[in-house]
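Hi,

Here is the structure I promised to pass on. Have a look at it first, and then read on for what turned up.

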Amino acid sequence: MIESFTTSSVLFIYGLALLFALFRLIKGPSLSDRVVALDFISTCIIGMIVVDAIASGESYFLSVAIVAALVGFVGSMAFAMYIQNGPEE
């Protein structure tokens, strides 16, 4: 009982963090703020996958989390290069 309550509360907190990051993604005054918010959203999703993997005991969810982390990292690097170099004309 306590384990399901703990899992639910952690997922709830991750959900709140996702809402705040989504607000920053939409409202962010600069492109850098939006990129950081998008990176944080991917990190929260990875954290939710890991919490679910621990709670359910299924290890294949961890493979999904690793792939999501790699995709998030590549996306962050692409945005960083875009910010650094600017749009090509």
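Let me start with α2, which is 26 residues long and runs 38 Å from its first C-alpha to its last, close to the 38 Å expected at 1.5 Å a residue. Keep in mind throughout that this is a predicted model.

As a reminder, an α-helix makes a turn every 3.6 residues, so residues three or four places apart point the same way. Just after α2 comes G57, with a positive phi of about 80°.

The protein chain has 3 helices and 0 strands, and its pattern along the sequence reads α-α-α. How far does the C-alpha trace span along its principal axes? It comes to about 55 × 25 × 10 Å. The radius of gyration is 16 Å, whereas a compact globule of 89 residues would come in near 12 Å. Of those 89 residues, 20% count as buried.

As for the surface, the accessible area of the chain is about 6,600 Å², and carbon and sulfur atoms account for 73% of that. If you look at contacts between residues at least 6 apart in sequence, 45% of them join residues at least 24 apart.

Next, the inside. Which residues make up the largest nonpolar core? There are 5 residues in all: A17, L18, A21, I41 and C44. Both α1 (2–27) and α2 (31–56) supply at least two residues of this core, with α1 giving the most, at 3 residues. In general, nonpolar side chains in soluble globular proteins tend to be buried together.

Leaving aside residues up to four places away in sequence, I41 touches L18, A21, L22 and L25.

Finally, the aromatics. A search of the whole structure gives 1 aromatic pair. Y60 and F61 form that pair, with 4.7 Å centre to centre and 45° between the planes, and the arrangement is tilted. Is F61 buried, exposed or partly exposed? F61 counts as partly exposed because its relative accessibility is 23%, while buried would need a value under 20%.

Note on methods. Residues numbered from 1 in each chain as written. Predicted model: local features only at pLDDT ≥ 70, side-chain atom pairs only at ≥ 80, totals over all residues. Heavy atoms only, no water. Phe/Tyr/Trp six-rings, centres within 6.5 Å; stacked < 30°, edge-to-face > 60°. Buried < 20%, exposed > 50% of the residue type's maximum accessible area, 1.4 Å probe, protein only. Core = buried A, V, L, I, M, F, W, Y, C linked by side-chain atoms within 4.5 Å. Helix = DSSP H or I, 4+ residues; strand = E, 2+ residues; numbered from the N terminus. Contact = heavy atoms within 4.5 Å. Rg over C-alpha atoms; globule rule 2.2 N^0.38 Å. Areas by Shrake-Rupley, 256 points an atom, 1.4 Å probe, with all protein chains shown as cover. Expected span 1.5 Å × (residues − 1).
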